[in-house]
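Let us look at charged side chains and how they pair up. Keep the structure in view as you read.

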Amino acid sequence: MPTALTTIRCVIVDDHQMLLELLAEAVGELPGLAVTATATDVTEADRLAGLDRIDLLIVDRQLTSGDGMEVVRKVSARHPDLKCIVIAGVPADFVCPSELMDVVVSVIDKTHAFDVLLDEIVRGVGLPPVESGRLESATELRTRLTPRQWELFMALGEGLSNKELGKLFGRSPR
């Protein structure tokens, strides 16, 4: 892990664009951490393994284009000090592959991602505790969403696919 004076470089992989953007915004507010790249599918994530340095990977367990754990394998092979937080629709069903036990520091329920993600990052990668009031609370982050965005976010947490979301909201799956 980087020293206290070094910025922790974070990459986020999630196939739901809105959730990806919200996560990147929330995580990017942590002092000492920078979101250096994002990806929405396994192919994009493959190119991420080639980045110079990745300290923290936040990855959706189940990507439309493949298994999020394959992304973890590829990235951790190139970045041996990598730490990973997995976001899963049903965390209780997640079984960490034995070869990734030292990489995966936390598994978070997708429906509660904002409630616990920032705390898990601080704990998982060893950032100093955040001073009270320096970051928005999960409730404050939620208030920045429109009711429709919140409805979509909650549907994402239920594990609906892009196709199912498109049908539910009367939109294209894209």
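A search of the whole structure, which is a predicted model, turns up five salt bridges. What lies behind such pairs? Side chains of opposite charge can pair when their charged atoms come close. Three of these contacts are described here.

Start with D55. Its salt bridge partner is R53, and the closest N and O atoms are 2.9 Å apart. Is D55 buried or exposed? D55 has 7% relative accessibility, so it counts as buried. The cut-off for that label is under 20%. R53 is another case: at 25% relative accessibility, it counts as partly exposed.

D67 forms a salt bridge with R61. Here the closest N and O atoms are 2.4 Å apart. D67 has 28% relative accessibility, so it counts as partly exposed. R61 is also listed at 28%, and it too counts as partly exposed.

Next comes a pair within a helix. R73 and E70 meet through their side chains in a salt bridge, with 2.8 Å from N to O. Where do these two residues sit? Both belong to helix α3, which covers residues 68-78. They are three residues apart, so about one helical turn separates them. R73 counts as partly exposed because its relative accessibility is 26%. E70, at 34% relative accessibility, counts as partly exposed as well.

This pair has a further link. Which residues are joined into one network? They are E70, R73 and E99, connected by salt bridges that share partners.

Terms used: Residues are numbered from 1 along each chain as its sequence is written. This is a predicted model: local features need pLDDT of at least 70, side-chain atom pairs count only at pLDDT 80 or more; totals for chains, interfaces and linings use all residues. Side-chain values use heavy atoms; hydrogens and water are left out. A salt bridge is a side-chain nitrogen of Lys or Arg within 4 Å of a carboxyl oxygen of Asp or Glu. Buried means under 20% relative accessible area, exposed over 50%, partly exposed in between (1.4 Å probe, protein chains only). Helices (H or I, at least four residues) and strands (E, at least two) are DSSP runs, numbered from the N terminus.
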